[in-house]
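The following note was prepared for a colleague who wishes to read the structure alongside its sequence. It is arranged as numbered points.

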Amino acid sequence: MKRILVVLLIASLCLSVFAQGAAEAPAKPQEIRVLLANHPYGELLKAAIPEFEASTGIKVNVESLQESQLTQKLTTEFATNSSTVDVFMTRPLQEGLLFIKNGWYAPLDKYDFTDYPGASVDIGRKDGKAFIVPLVIEWQVLYYRKDLFAQAGLKVPTTLAELENAAKVLTKDGIAGFGSRGKGAAAVTQFSSYLYNFGGLYLDKNVAVFDTPAAIEALRYYGRMLGTYGPQGIVSMSWENLMPVFQAGKLAMWTDASVFLGQIVDPTKTQIPAANVGVTSLPAGPKGDSPFIVTSWGMGMSAKSQNADAAMKFLNWATSKELAIKGMLTNIPMARNSAWKDATVQKGMNPELIATQAHAAKNGYPLDRPFMSAVGQARDLIGEVIIEAINTKGTSTKLQALATEKVNAVNELLKKDGEYGGK
Amino acid sequence: MRKSLRFRIGFPLLVLAIILPMLFPFVWMLLSAFKTQVDIISWPPKFFFSPTLLNFRKVISEQNFMLYLKNSSIVAFCAVAFSLALGLPAAYSIARFQQKKLSVLILIARLMPGISFLMPWYIIFSRLGLMDSYIALILSHMLIALPVVVWVMSAYFESIPREMEESAMVDGATLQRAFMTIIIPLSVPGVVTATTLSFIFSWNNFMFSQVLSMQKTRTLPIAVYNFMSYAEVDWGGVMAAAVAIMAPAIILTMVFQKYVVKGLTMGAVKG
């Protein structure tokens, strides 16, 4: 008993020593903590922060983290209610709903959202209040090999039927005609545009509907394309596996997000000449022409910020038009409308990419995944259906039953979180 | 003893079959660290290529590698040192006084998934203003190092005959003195093993550092992730960083290994 007391005494002494250390470092009034992602725009901000510090006198403590680490760190800090974060980069579709529901974002009543597409702001809105400033957008495109198309005498496909025909012709000599993500949960976002173009949806008014005849037709098409013309092992491939295959010249067509163009034409990273790489809009389907166009990154302010004024100043600066144009000039597609209209931007960017953005902005659908709190689990469930479709080249007799089963499971998730139906 | 022909051919083949799968990823990592991004993604894979030091230059200049190296060293060395200071007497006590329940308790701390400690720690450390401090990291890494020390050493101390310290005490030494001057020197191989193991566990720890460290105290395993950004992975940089992180651990283990062998043979001669 005595020994335990001694141990406790020592422990409490140690604690008080540490506590003293804490008391010595009082929080300075004009100091904010900012968490950024390992993302080109994060790098751009980091380089520009000294200017902000010089002009405002606010000291910015900045950390940058890989995106999944960023989510984990933010979740830990906010959930324990002892976060010191003021401003942070955030993925509206991945964590937005959960963070909004938990009240972790501060409402941005004073922010001027007029320069942003309405749909991109609405994603981060609840009860009329906006919580997320859209930062970076991405949309689905078709990357293709101009040289292979010329050799085969093919036209660039504008419909999904033409896409299938091109894939059939181009699959030869160890080159796969067509690739797109096949790895379950990762494929959900890239399959979404196909789903929309066949007239389907993941969620309709917060009810899962990806087992309708239109959705099944889309699944069969996607499965047939990847199962027949895709590279080997496609069901375990996401973008990080497909991009090297394209860069190595073993893939003729690849549909994925628009962010990859820079890397597949960079001569230090790719084996195919940039002149042979084309980018065009995702071909139209029988029932639609709506590639996804989403806000992949946004910026938010912590509801618990101790320095709300300084944080707001930083947020306004970090999402300003000037920095957006700077971002565009380094090939980061920004959410601000005015950044796309800037003359220097229009001159500097790839005209093919600008055309795909204009098309997606006009016709696109603002979601690439089921928008719900349990998005991770829902993606796993939908991923299983996609894999079944690919493994059977779209011919599975169980596909309808499997899709219905997963629809029910996703609806259960929605009900559990109180998000089912309505609105 | 003459070995059969079958053994002489079969044994090396068997050894090769066992080590090849283990060595392959390591060799692949080493090769990729000297490749350009184009060479890394080329198919079929290139085993002959013109090596580049570009990746290592990136690791050292762009990524603040020296700071992370310093942080990792401070945290690992302190965590191991404090764990030895607390763990050696604890292990001795467990071994000599049969405190089995205590040792199970310590083992439970090790068996519990580390993530279950993180939330409470985060709350405690942030309330104490210890976020981004070495103290928080060292304390958390002691959770990894201390049980290793206690478990390796209590088994080792048990193997030392009780008569050793009894004869010292007959000559007038206190138990503490007998422990310091007789038992510890006899246990060097065990101490080295415990030190090496706990050092490696602390050196490689990712989870605790990720949540408890910020910009100033970030450790090496976190730094590897700096080469992965949104929609882009710099494989060459990742591989070079991994090589650079493994190197100190491997060198240290190799140096210590000599001591382990030496200590063992010394004991054998003296009987």
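Predicted model: local features only at pLDDT ≥ 70, side-chain atom pairs only at ≥ 80, totals over all residues.

1. Overall form of chain A. The C-alpha atoms of chain A occupy a box of roughly 80 × 55 × 45 Å along the principal axes. The radius of gyration of chain A is 24 Å, which agrees with the value near 22 Å that a compact globule of 423 residues would have.

2. Secondary structure and burial. Chain A contains 18 helices and eleven strands. Of its 423 residues, 48% count as buried. Among the contacts in chain A with a separation of 6 or more, 75% are between residues 24 or more positions apart.

3. Domains of chain A. The domain assignment divides chain A into domain 1 (29–131 + 294–360) and domain 2 (138–292 + 365–416). The C-alpha centres of domain 1 and domain 2 of chain A are 28 Å apart.

4. Contact between the domains. Domain 1 of chain A brings 19 residues to this contact and domain 2 of chain A brings 20 residues. On the domain 1 side, helix H4 (92–101), helix H5 (118–122), strand E11 (293–301) and helix H16 (351–363) of chain A each provide at least two residues. H16(A) gives the most to that side, with six residues. By class, the domain 1 side has nine nonpolar, eight polar and two charged residues.

5. A helix pair in chain A. Helix H9 (residues 213–229) and helix H18 (residues 399–416) of chain A have axes that come within 11 Å and cross at roughly 120°. The crossing of H9(A) with H18(A) is right-handed. From H9(A), the residues Ala215(A), Ile216(A), Leu219(A) and Arg220(A) meet Leu399(A), Gln400(A) and Ala403(A) of H18(A). This contact comprises five nonpolar, one polar and one charged residues.

6. Contact between the chains. Chain B contributes 28 residues and chain A contributes 31 residues. On the chain B side, at least two residues each come from helix H2 (37–41), helix H6 (115–127), helix H11 (207–212), strand E1 (228–229) and strand E2 (232–233) of chain B. H6(B) supplies the largest share of that side, six residues. The side of chain B that touches chain A has 17 nonpolar, nine polar and two charged residues.

Technical notes
Residues numbered from 1 in each chain as written. Chains lettered and ligands numbered in written order. Contact = placed C-beta atoms within 7 Å. Helix = DSSP H or I, 4+ residues; strand = E, 2+ residues; numbered from the N terminus. Nonpolar A, V, L, I, M, F, W, Y, C, P; charged D, E, K, R; others polar. Axes fitted to C-alpha atoms, helices over the stretch in contact; angles between N-to-C directions. Left-handed = near helix turned anticlockwise from the far one by under 90°. Domains from an automatic or database assignment. Rg over C-alpha atoms; globule rule 2.2 N^0.38 Å. Buried ≥ 20, exposed ≤ 12 C-beta atoms within 10 Å, placed from the backbone.
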